[in-house]
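Subject: Structure handover

Hello,

Here is the structure I said I would pass on. Notes on what was found in it follow below.

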Amino acid sequence: MSRRETMSMQRRLHRARFEHSSTLEEFDFHASPKLPAAQIRDLAALRWLHAGESVILHGPVGVGKTHIAQALGHLAVRHGADVRFLKTSRALADLAGGHADRTWPRRLAELTRPALLILDDFAMRELTAQQADDLYELISERAQAGRSLIATSNRSPADWYPLFPNPVVAESLLDRLINTSHQIFMNGPSYRPKKRPGSAGSTTTQATK
């Protein structure tokens, strides 16, 4: 039974397609007295996942947002959830390919199916009308199915609206996402330069929910 459970978890980890096998255990919560360790550990209880709520990690480049996102995803996998990690640009490119070869419904279903979808580098640049519509459909489908999303972004959620060409789509999509999410603002010195080979590194973060 233990072997089957281990193999099942390994399959879920493979399907998740994480860039790195990041865990919360590796994260340096002692790097700064301002580190929002209590709030991140609260997310680690996964109550938001069971409730179908979302998490938004936003702040400057390099402060550890992707590490925390993947760590929460890794934890969800360990608790039996199916997870998928994607750069937002890659998810949009995949959906765009579906318009070209008429596989869009299947591709949308594949991104809707996991209990947790992690969209890294969300709201990096202005969207085309087609990208905005595809993102609207994806987030709407996941919300209707009660499935959670983690988004990491270098921009504050309040700054996402101008990236959408259609204000109506922006309001409908973002209000739904932002108003049902746990928002953590991460700020401080870059996490990346402090990482040594084989070490977890450190970061300074501040959070609000």
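To start with two helices: the axes of α5 and α7 come within 10 Å and cross at roughly 100°. An angle from 65 to 115 degrees counts as roughly perpendicular, so α5 and α7 are roughly perpendicular to each other. On the α5 side the contact is made by Leu92, Leu95, Ala96 and His99, and on the α7 side by Gln130, Gln131, Asp134 and Leu135.

Please keep in mind that this is a predicted model. The pLDDT averages 87 over the protein, and 86% of the residues score at least 70. Confidence is highest in β3, at 98, and lowest in helix α1 (residues 2-16), where the mean is 86. Over residues 193-209 the pLDDT stays under 50. The model has 51 contacts beyond four places in sequence for residues 193-209. Where pLDDT is low, the predicted coordinates should not be read in detail.

Back to α7. This helix covers residues 129-144, which is 16 residues. From the first C-alpha of α7 to the last is 22 Å, close to the 22 Å expected at 1.5 Å a residue. Its buried residues are Ala132, Asp134, Leu135, Leu138, Ile139, Ser140 and Arg142.

The axes of α5 and α6 come within 7 Å and cross at roughly 155°, which makes α5 roughly antiparallel to α6. The residues of α5 that take part are Ala91, Asp94, Leu95, Gly97, Gly98, His99 and Asp101. In α6 they meet Trp104, Arg107, Leu108 and Leu111.

Next, the aromatic rings. How many aromatic pairs does a search of the whole structure find? The search finds two. One is formed by phenylalanine 18 and phenylalanine 85, which are tilted, at 6.4 Å centre to centre and 55° between the planes. Phenylalanine 18 is in the loop between α1 and α2, and phenylalanine 85 is in strand β2 (residues 83-87), so the pair ties together parts that are 67 residues apart in sequence. Phenylalanine 18 has a relative accessible area of 16% and is buried; phenylalanine 85 is buried at 3%.

The other pair is phenylalanine 122 with tryptophan 160, also tilted, with 4.8 Å between the centres and 55° between the planes. Because phenylalanine 122 lies in the loop between β3 and α7 and tryptophan 160 in the loop between β4 and α8, this pair ties together parts that are 38 residues apart in sequence. Both phenylalanine 122 and tryptophan 160 are buried.

One more residue to look at is leucine 43, in helix α2 (residues 37-43). Is leucine 43 buried or exposed? Its relative accessible area is 4%, so leucine 43 is buried. Leaving aside residues up to four places away in sequence, leucine 43 touches Trp48, Val55, Leu72, His182 and Ile184. Leucine 72 is 29 residues from leucine 43 in sequence, and their C-alpha atoms are 7.8 Å apart in space.

Regards

Notes:
Residues numbered from 1 in each chain as written. Predicted model: local features only at pLDDT ≥ 70, side-chain atom pairs only at ≥ 80, totals over all residues. Heavy atoms only, no water. Helix = DSSP H or I, 4+ residues; strand = E, 2+ residues; numbered from the N terminus. Expected span 1.5 Å × (residues − 1). Buried < 20%, exposed > 50% of the residue type's maximum accessible area, 1.4 Å probe, protein only. pLDDT = per-residue confidence, 0-100. Contact = heavy atoms within 4.5 Å. Phe/Tyr/Trp six-rings, centres within 6.5 Å; stacked < 30°, edge-to-face > 60°. Axes fitted to C-alpha atoms, helices over the stretch in contact; angles between N-to-C directions. Parallel < 35°, antiparallel > 145°, perpendicular 65-115°, else oblique.
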